[in-house]
Amino acid sequence: MGVIHRSLDMAKQIVSVVLKPGDTAVDATVGNGRDTVFLARLVGERGRVWAFDIQQQALAAAAKLLEKEGLASRVTLIHRGHEDLARYVDDNVGAVMFNLGYLPGGDRSLVTRPDTTLLALEAALLKLRPGGVVTVVIYRGHSGGKEEEESLLGFCSKLNQASYTVMHYRMLNQINDPPSLLAIEKLIQEV
Ligand SMILES: C[S@@+](CC[C@H](N)C(=O)[O-])C[C@H]1O[C@@H](n2cnc3c(N)ncnc32)[C@H](O)[C@@H]1O
């Protein structure tokens, strides 16, 4: 393995620097729950992870995994779209992870969508504490994936640079169009 990481691993590297024991984190796309487990370990026993997915199948798989890992008590699994994030999550969030697209091994027509992803991203940015981060792993291969990436990049490129630092990370020489990573760090609380 080299020093240049895949997008999801790079997202995890960034989040692991930011999240501290006792923090609050959000998994905006639970899927099979691997990122939820990652976040639950980082926030520790006194921390909390709020975790959203629209598919009961995904939440059931995640619940099983969290139980097996002894982490279930730190996580609130929510059967709602991430666009409802603001109704559940308090302020001062340390990190929000999005892993877009469809559930691996599940129904490929149930994908994240540009309009709801953007609503969720806006809500997530408001909930972040200064120093907190949002990471978004973006897939272009499925139907609507390219449009989703374009709308996210358009929105993020207009964020005020005094309030946010935005990075877009992508491989340039790989044939299978691997996912890219958007990472946003909040610098100051906007008033
Ligand atoms: C690529 S998977 C996530 C993978 C996951 N992070 C893991 O570690 O296994 C994307 C997930 O987003 C979910 N999803 C789609 N639209 C959503 C929405 N509006 N809100 C929350 N989750 C959504 C899908 O059901 C799917 O499970």
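A25 stands opposite A95 in β4. This is a predicted model. Three bridges join β1 to β4, strand residues 93-99, and the two run parallel.

Strand β1 covers residues 24-27. T24 and V26 point one way from the strand, while A25 and D27 point the other way. All of them are buried. In a regular strand, side chains alternate between the two faces of the sheet.

## The sheet

Seven strands form an open sheet. Their order is β3-β2-β1-β4-β5-β7-β6, and the pairing is mixed. The edge strands are β3 and β6, the latter at 164-169, and each pairs on one side only. The twist averages 10° from one strand to the next.

The parallel pairings include β4 with β5, over six bridges. Helix α5, residues 114-127, belongs to the unit that β4 and β5 make with it, a right-handed β-α-β unit. The antiparallel pairings include β5 with β7, over six bridges. Here the bridge partner of V133 is E185 in β7. Six bridges also join β6 to β7, residues 180-186, and these strands run antiparallel. Y164 has K186 in β7 as its bridge partner.

## Helix α2

How many of the ten residues of α2 are buried? Seven are, and the helix is mostly covered. The buried residues are D35, T36, F38, L39, A40, L42 and V43.

The cover over these residues comes from several elements. Among the helices it includes α1 (7-18) and α3 (56-68). Among the strands it includes β1, β2, β3 (75-78) and β4. G44 follows α2 and has a positive phi, near 70°.

## Helices across the sheet

Helix α1 lies across β4, β5 (128-138), β6 and β7. It runs at about 170° to β5. Helix α6, residues 145-157, lies across β5, β6 and β7. Its angle to β5 is about 155°.

## Strand β5 and V136

Strand β5 is mostly covered, with eight of its eleven residues buried. V136 sits in this strand. Is V136 buried or exposed? V136 is buried because 29 other C-beta atoms lie within 10 Å, and the cut-off for a buried residue is 20 or more.

The C-alpha atoms of V136 and F98 are separated by 4.6 Å, although the residues are 38 apart along the chain. Beyond its neighbours within four places in sequence, V136 is in contact with F98, L100, L152 and L182.

Two loop residues deserve a look in backbone checks. N92 has a positive phi near 70° and is a residue other than glycine. N92 lies in the loop between α4 (85-88) and β4. N92 counts as partly exposed because it has 13 C-beta neighbours inside 10 Å.

D177 also has a positive phi, about 50°, although D177 is not a glycine. D177 lies in the loop between β6 and β7. With 13 other C-beta atoms within 10 Å, D177 is partly exposed.

## Around the ligand

Which residues come nearest to the ligand? Of the 21 residues around the ligand, they are T29, G31, R34, G81 and L103. The shell around the ligand divides by class into six nonpolar, eleven polar and four charged residues.

Notes: Residues numbered from 1 in each chain as written. Predicted model: local features only at pLDDT ≥ 70, side-chain atom pairs only at ≥ 80, totals over all residues. Buried ≥ 20, exposed ≤ 12 C-beta atoms within 10 Å, placed from the backbone. Helix = DSSP H or I, 4+ residues; strand = E, 2+ residues; numbered from the N terminus. Pairing = 2+ DSSP bridges. Near = placed C-beta within 6 Å. Nonpolar A, V, L, I, M, F, W, Y, C, P; charged D, E, K, R; others polar. Contact = placed C-beta atoms within 7 Å. Axes fitted to C-alpha atoms, helices over the stretch in contact; angles between N-to-C directions. Right-handed = clockwise from strand over helix to strand, strands pointing away.
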